[in-house]
Every structure is written in structure tokens, then in C-alpha cells.
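Subject: Structure for you to look at

Hello,

Here is the structure I said I would pass on. Please open it first, then read the notes below it.

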Amino acid sequence: MTFEQIFAILKARWIIALSVFVVVLGAVTAKTLLKAKDYTAEGSVIVDIKSPDPIAGMVLAGAASPSYLMTQIDVMTSQRVALKVVSDLKLYEVSSLRENWMKSTKGVGDFRGWLADMFRHSLQVHPSRGSNVINVAFTGADPQFAAAITNAFIKAYLDVNLQLRTEPAKQYTRFFTSNGKQLREDFEVAQAKLSKFQQDQGLVVTDERLDVEMARLTELSSQQVQMQAAVADSGSRQAAVNAQGDKTQDVMMNPLVSALKTNLTQQENQLQLLTTKLGDEHPQVKELANSIADMRKKLDMEVQRVSKSFGISNSVNVSRESQVRQALEAQRRKVLQMKAVRDQAAMLQRDADNAQRVYEQVVLRQNTTNLESQAFLDNVAALEYATAPSVPSGPRILNNIGLGGLAGALLALTAALLMERKDRRLRTLNEIEALTNLPAVGSIPAFKSRKKATALPRRLHLPHVSTP
């Protein structure tokens, strides 16, 4: 449908359209003028998201996110806050409100909950754009009552928000207090076990016996190595002496054996000279021969004595090496035992330290939650309290009349179109051409006045036809 058709329909059905428009506009205007005046009281609260918590010393996590402000708005519009408003203002004692509740619900349900829901529906809460301020507004018939309800919602919101912060802290405080006693007992038991073990084993905090015993163990290990080297050396010398006798270097280096060998060599040379001069039977030759024989005996005896001394030295070294080895084993067992004792003591010390650390953390957390449960400050505060408005906020006469006129125009158009649908007529040339599929030859005007009748030759259009 074109605008030409719509205009033609309105022109033909103007009485119905005008009637509908006047009725709708008049009804809206009358209702607006007769409606009681509404007053809107406004207040605001500010949410501080940058200042650190005075107890924890840190900024609340997630406070800077947009959802934090929306959460605060949900808290303000919650039933818990509304119920607190009803309780603070004692609205449940107002008889007129109870009568309205009886008429609405026939006494079914909770009266305070009904009041809370009624006030929640009339409350408007929205954040300011680009800031952390939350605006609160309540609309009512009485300006004083609207201001009182707005301020009551702000106060109840601040109280509930503080309770939401302190109630978990109180629960944590009770939890930490009950568990702190058990943790303290566990710490005392662990400390008592450690003290008893130290007393039984003779351990003190500054005990350095293990270091001394370790040093002694190291020294004995060095001595054992030295004695093993000495045993190997003396054993090899003894074996060489037993195998080669006086030909070994150790025997030959002996001063007495060396002197005897030197004297024996001299006497043998002298005996050879005397034998050549005096003969074998000369008394001096025999005497010298006997002296050489005695000296040989002394040399053999001295060689045997030196050889035995190497055996004795080797036996002494073997015995000392055995003693050092036994002392080393005993010292090793002693050190291992002391280390086992110290390890057990260290384990008990760790148990005591862990129990103390857990207990201290619980006590620290308990003190923090105790302070938080007693806190009376929060990161939200009232920025502006509502005052009784002097100018009504509604009804808005011009806006309502304008909307009523728009609605009347739409309904008038709808009514004209419905009437045209029931009584369909041809209003324009385009409709005739579309219906007959033939071009229009001309149009005959309506003769409603003489002036219009005289203008017939000029209004009648006949293509390719001359006027007589």
C-alpha cells in the first residue's frame, strides 16, 4: 500500500480516524491530569576500589572489574537489604500497609517479604557512567516518605555490606580458635619429645661432639693408610733379608755389619801376607786365622740380629696397623651411631619446627580475622543522602500527552485501515489500472461546487482528444 492510498483512505474515513484520535488523546490526557503526583528522592554511595585494605594492607582483588559494581548493585537491591529497611523503619507496624497486603494476597505469604518486594520494585539503582558512584532513587506519593525510604536503603546497604565482610571473618575466627588449641597441643607434644630425646642422648643445641669425632675418624683413616704403607715396606725388607741375607742393602747399610766386614777384609788381607811370609804353621798366622774365624762368627751373628730386627719391626708395624684398623672401625661405628642419633634428633626438631610454624600461621591468621570481624570500616560510603524533593517527578504531562497523541494517531490509522478493509473501494487511478490492466483515459471530478464545475475543461484530461 502506497502513501497515496493511505492518504486517500484517511481523507475518506476522516471522521472515524479523528474520533479515535480524539478519544485516545483525551483518555491519556485525563488520566495524566487525574493521576496523583509522584516524588523521586535521590541519594548516592561511592565505592572505593583503589585504597588498600587497612588490615590486610592490599587492594581487594577484582575490585576494579565492572562486575564488582554490578555486585554492589545486586546487594543493594537484594531482599536482605529490603527486609532490613522494613525492620529499621518498622513498616510492618503500619496498619494501612497491612490492609493493602490483605487485599492483595488474602493473607497468604509473609507480610515483611511482601513489603520488601514492593519497595524493591519501586527502587532504582544504577551506576554513574565512568565513575564508582552508585545512584539510588525511590519514587513515592509522599516526598518525605520517599526520602526516608531512600536513606533507609542506603543505610541498610552499608550495614549489610559490612556484615557480609565481617561474618566470614567471624566464622574463620571461630574455626582458627578451635583448631589453634589442637595445633598448640601438637606443638607442645613435639617439643616435649625433642627435649626428652636430647636429655636421654645428652644432646644440646651447640653440641660439637660429632665434628670432633669426625675429625678423629679422619685422623685414624690417615694413620691406617700410613701403617699399611709401613707394613708393606717392612714386609718387603724382611722378605729381601730372608732371601739374600747380608747381601741386601739394609743389612749392608748397618754400621756394625759394615765395620765388621771392613775389619774382616783387612784381617784376611793381612793373613794372606803373613801366610806368604811365614807359612801356615806359624803361630801368628794361626792366631790371625782364629781371629778371622771369630770375626766371621760375629758378622754372622750381627747379620742374623739385623735380619731379626726387620722381622720384629714388621711384626710391630702389623700389630700397630691392626690396632689402628680396630680403632678406625670402632670410631666409624661410633660416628655412625652419633649420626643416627643426630638424624633422629633432627627429625624430631623438624617435627617440632613444622608444628610451631603451622601454629604460628594459624595464630597470625586468627589475629587477622579477629581484627576483620571487629572492623567497622568498609570500602563503601554514603556520598549523598536523599532529601525530600519539592518538585514532583511525575506524571510528566507534556511527555504523556505527546505519547498519547502518537498512540492516538497510530490507532486512528489502524481504525481507518480496518474500516477500509471491511468496505473496500477504489480510491486512486493506480488501483483502477492495476485492477483492469488498462491505462486510464481520464478522470471526472466531483461537482461539489459551481466554481469547481466551471473548471471541468481544465481538470478533464483526455490524451489525443481535442476539446470542442
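A residue counts as partly exposed when its relative accessible area lies between the limits for buried, under 20%, and exposed, over 50%. Keep in mind that this is a predicted model.

By that rule Arg120 is partly exposed, at 29%, and Asp117 is partly exposed too, at 27%. The side chains of Arg120 and Asp117 form a salt bridge, with 3.2 Å from N to O. Both residues belong to helix H6, three residues apart, or about one turn of the helix.

The whole structure has five salt bridges. Another one joins Lys155 and Asp159 at 3.1 Å, N to O; these two sit four residues apart in helix H7 (residues 143–201). Lys155 has 46% relative accessibility and is partly exposed, as is Asp159 with 25%. Arg332 and Glu329 also pair, at 3.0 Å, N to O, and lie three residues apart in helix H11 (residues 283–373).

Now the packing of H6. Helix H4 (residues 79–89) packs against H6 at about 110°, with the axes 8 Å apart, so H4 and H6 are roughly perpendicular. Their crossing is right-handed. Asp117 and Arg120 are among the H6 residues in this contact, and Ala82 and Leu83 are among those from H4. The contact has six nonpolar, three polar and three charged residues.

Helix H5 (residues 95–105) crosses H6 (residues 111–122) at roughly 95°, and the axes come within 11 Å. Residues in this contact include Trp101 of H5 and Trp114 of H6. The H5 contact with H6 has six nonpolar, three polar and one charged residue.

Regards

Conventions
Residues numbered from 1 in each chain as written. Predicted model: local features only at pLDDT ≥ 70, side-chain atom pairs only at ≥ 80, totals over all residues. Heavy atoms only, no water. Axes fitted to C-alpha atoms, helices over the stretch in contact; angles between N-to-C directions. Contact = heavy atoms within 4.5 Å. Nonpolar A, V, L, I, M, F, W, Y, C, P; charged D, E, K, R; others polar. Parallel < 35°, antiparallel > 145°, perpendicular 65-115°, else oblique. Left-handed = near helix turned anticlockwise from the far one by under 90°. Salt bridge = Lys/Arg side-chain N within 4 Å of Asp/Glu carboxyl O. Buried < 20%, exposed > 50% of the residue type's maximum accessible area, 1.4 Å probe, protein only.
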